[in-house]
Amino acid sequence: VPLLVVDDSHIIGQSKVIERYLAKKCGLMGSSDIEEAQIDCIAEHCRDIKDAAGKKGFSFFSRDKTDEEKAAAKKEWFEEELPT
């Protein structure tokens, strides 16, 4: 689990929480509550797609499939299943 130590006394865990904290500190989370929610929505949508693609198993890191099986899974993912 990634950790961010702030001011030598506060520990923040979980990558998405750290991302949001840093984005807010750097002025990248919008200028209103609505913009912040929209940015959050896009970030969560991206994570959902990444998680779904990971479950499909065509990643370079998937070791339980042949290259041909990965290619077929990737083709199926992008042509038929990719969430839109």
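Analyst: Helices (H or I, at least four residues) and strands (E, at least two residues) are DSSP runs, numbered from the N terminus. Asp-7 lies in the loop between β1 and β2. This is a predicted model, in which local features need pLDDT of at least 70, side-chain atom pairs count only at pLDDT 80 or more, and totals for chains, interfaces and linings use all residues. Residues are numbered from 1 along each chain as its sequence is written, and side-chain values use heavy atoms, with hydrogens and water left out.

User: What makes β1 and β2 a pair of strands?

Analyst: Two strands pair if DSSP finds at least two bridges between them. Strand β1 (residues 3-6) and strand β2 (residues 10-13) are joined by four bridges, so they count as paired. The two strands run antiparallel, and Val-6 stands opposite His-10 in β2.

User: Why is Asp-7 called exposed?

Analyst: Relative accessible area decides it: buried means under 20%, exposed over 50%, and partly exposed in between (1.4 Å probe, protein chains only). Asp-7 has a relative accessible area of 66%, so it is exposed. Asp-8, at 78%, counts as exposed too.

User: How many disulfides does the structure hold, and how do you know?

Analyst: It holds zero disulfides. A disulfide is a pair of cysteine sulfur atoms within 2.5 Å. For Cys-41 the nearest cysteine sulfur is that of Cys-46, 9.5 Å away, so Cys-41 is in no disulfide. Cys-46 is likewise in no disulfide. Its relative accessibility of 48% makes Cys-46 partly exposed.

User: Is Lys-56 buried or exposed?

Analyst: Lys-56 is buried, because its relative accessible area is 16%. The residue is in helix α2 (residues 33-56).

User: How do you know that the span of α2 is close to the expected one?

Analyst: The expected span of a helix is 1.5 Å times one less than its number of residues. With 24 residues, α2 is expected to span 34 Å, and it reaches 35 Å from its first C-alpha to its last. Gly-57 follows α2 with a positive phi, near 85°.

User: Why is the pair of Glu-36 and Lys-24 called a salt bridge?

Analyst: A salt bridge is a side-chain nitrogen of Lys or Arg within 4 Å of a carboxyl oxygen of Asp or Glu. In Glu-36 and Lys-24 the closest N and O atoms are 3.5 Å apart, so the pair qualifies. Glu-36 lies in helix α2 and Lys-24 in helix α1 (residues 15-25), so the pair ties together parts that are 12 residues apart in sequence. Glu-36, at 24%, is partly exposed, whereas Lys-24, at 52%, is exposed.

User: How many salt bridges are there, and which residues form a network?

Analyst: A search of the whole structure finds eight. Arg-20, Asp-40, Glu-44 and Arg-47 are linked in a network. Within it, the side chains of Arg-47 and Glu-44 meet at 2.7 Å, N to O. Both are in helix α2, three residues apart, and are thus separated by about one helical turn. Elsewhere, Lys-75 forms a salt bridge with Glu-79, also at 2.7 Å between the closest N and O atoms. Lys-75 and Glu-79 are four residues apart in helix α3.
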